Amino acid sequence: IFLAILITSTSFRFQALPNLKDQTTGHYVFADPDAFYEYRVADTIVRYGNINGIDPMRNPGLNLTYTQEMLPKVLALTYKISHSLNSSITLDYIDVIYPIVAFALSLILFFIICLYISKSKAFSLLASLLLAYSPVYLQRTGAGISSHEALGIVFFFLSILTYAFSINNYKKSWKFTALLGIATGISVALSLFSWGGGATFILIIFPLATLTYYLFGIKGGEKETKKKFIAFNLIWVVFSVIIMPLFGYTFSSMFSRFLSNYGLLIPFSLILMILDFSLEKYSHRIKVGQSKYRILYSLAATILFGFIFLVASGKNPFSLISNIYTQLIYPLGRERVALTVAYYAQPYLTDLMGNISFAINSIFWIFFLGLVFIGVEFGKNINSKKQRGYFFIVWVLSIAGMLFSRMSSSSILNGE
């Protein structure tokens, strides 16, 4: 069934290919300016072997260098290999079909993720079907739409899969802890290399998942497990930084993201876990380590250390908190581009549901209830009834916050 979904959704994306061929030149044209940019940089690599110099078409006069992204390099390498096997293959052809190939790879990874996490073939097939024919996803993975999102999604899903696998296997041995930490670090670095926007979501998802697992997934008293888990997270964070020069970036390319508005969750989660583990380990010496409110003491100490570090580094903590709040409320920004570009549009839920049939509205509520039941299934592995209840409340509030944050312009839940 999955193979049928993969083949039909992939062939569906090929339908526009004949319309992209210029009948006067015989070459393929591109569906948007981003696609032409990626082609132009890839063509520079093919012609001159690298993109280490000044980009003459990028803000002429400012002497800006080429952006060291993965996609043009992948296009150039694919063209060289394909052209050596078949001389009729051109770079523009590689460029226009790349999103479809990337889509196929991403759908396979997505299916594996769903199957690995849910252990349900039916759920995995349904999720893959919805993604494959999602209009928003189709918009960025069709023929000729050769921007970096299609490739970035591949490594985004690869990062999620690597992290999910690591969470289940890191505690087998210290060797596994180190190897899985390195593998996760590489996948995160590849995510940034392929699509910086996708890496932003990774740097939010991972620390939230890390804290959730640390608080609810590890039993009290399992000090060795906690130690391995903290080590695993430290390894992937450090390795994602030190590997960046291999991709033409500097160490600060990744490190600076850990200190950005959205990336601060990474050091916050690490410091919180280290402090909490230290209090537990030395509870015979530190009185608060024996308290049932130990995690709250760890949280307070983490916030205090964070304030001290930010002040010492010349940053205003209150301004940073304000910026984080603004970014959470307006994740795509409030500038002209964010407000006018079609695929950045943020319609109200009432507008969406008002333009579709009752049957589709029913599917939405079934989808919402399905998410609630998934939370129930995830929480079954939490032994404590109290913690299981806390997890379920947080789960429902989280999905409700995402789905109902923009109800209507007149509602208090208007996204503002």
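Which residues in helix 4 meet which residues in helix 7? Keep that question in mind as you open this predicted model; the tour will come to it after a look at the whole chain.

**Start with everything shown.** Colour the protein chain by secondary structure and you will find 18 helices and zero strands. The chain has 416 residues, and 42% of them count as buried. Among contacts with a separation of 6 or more, 67% are between residues 24 or more positions apart.

**Next, select helix 4 and helix 7.** Helix 4 covers residues 91-118, and helix 7 covers residues 149-169. Their axes are 8 Å apart, and the two helices pack at an angle of about 20°. An angle under 35 degrees counts as roughly parallel, so helix 4 and helix 7 are roughly parallel to each other. Their crossing is left-handed.

Now show the side chains and return to the opening question. On the helix 4 side, look for Tyr 98, Pro 99, Ala 102, Leu 105, Ser 106, Leu 109, Phe 110, Ile 112, Ile 113, Tyr 116 and Ile 117. They meet Ala 150, Leu 151, Ile 153, Val 154, Phe 157, Leu 158, Ile 160, Leu 161, Ala 164, Phe 165, Asn 168 and Asn 169 in helix 7. Sorted by class, this contact has 20 nonpolar, three polar and no charged residues.

**Stay in helix 7 and pick Glu 149.** This residue is found in helix 7. Is it buried or exposed? Buried means under 20% relative accessible area, and Glu 149 has 13%, so it is buried.

Most residues other than glycine have a negative phi.

**Finish in the core.** Select Leu 107, Phe 157, Phe 229 and Trp 236, the residues with the most contacts inside the largest nonpolar core, which has 80 residues. Helix 4 gives the most to this core, with 15 residues. A second, separate core of 10 residues includes Leu 349, Phe 364, Trp 395 and Phe 404.

For a last stop, centre on Phe 229. Beyond its neighbours within four places in sequence, Phe 229 is in contact with Tyr 163, Ile 167, Tyr 170, Thr 210, Tyr 213, Tyr 214, Ile 218 and Met 273.

Terms used. Residues numbered from 1 in each chain as written. Predicted model: local features only at pLDDT ≥ 70, side-chain atom pairs only at ≥ 80, totals over all residues. Heavy atoms only, no water. Helix = DSSP H or I, 4+ residues; strand = E, 2+ residues; numbered from the N terminus. Core = buried A, V, L, I, M, F, W, Y, C linked by side-chain atoms within 4.5 Å. Buried < 20%, exposed > 50% of the residue type's maximum accessible area, 1.4 Å probe, protein only. Contact = heavy atoms within 4.5 Å. Axes fitted to C-alpha atoms, helices over the stretch in contact; angles between N-to-C directions. Parallel < 35°, antiparallel > 145°, perpendicular 65-115°, else oblique. Left-handed = near helix turned anticlockwise from the far one by under 90°. Nonpolar A, V, L, I, M, F, W, Y, C, P; charged D, E, K, R; others polar.
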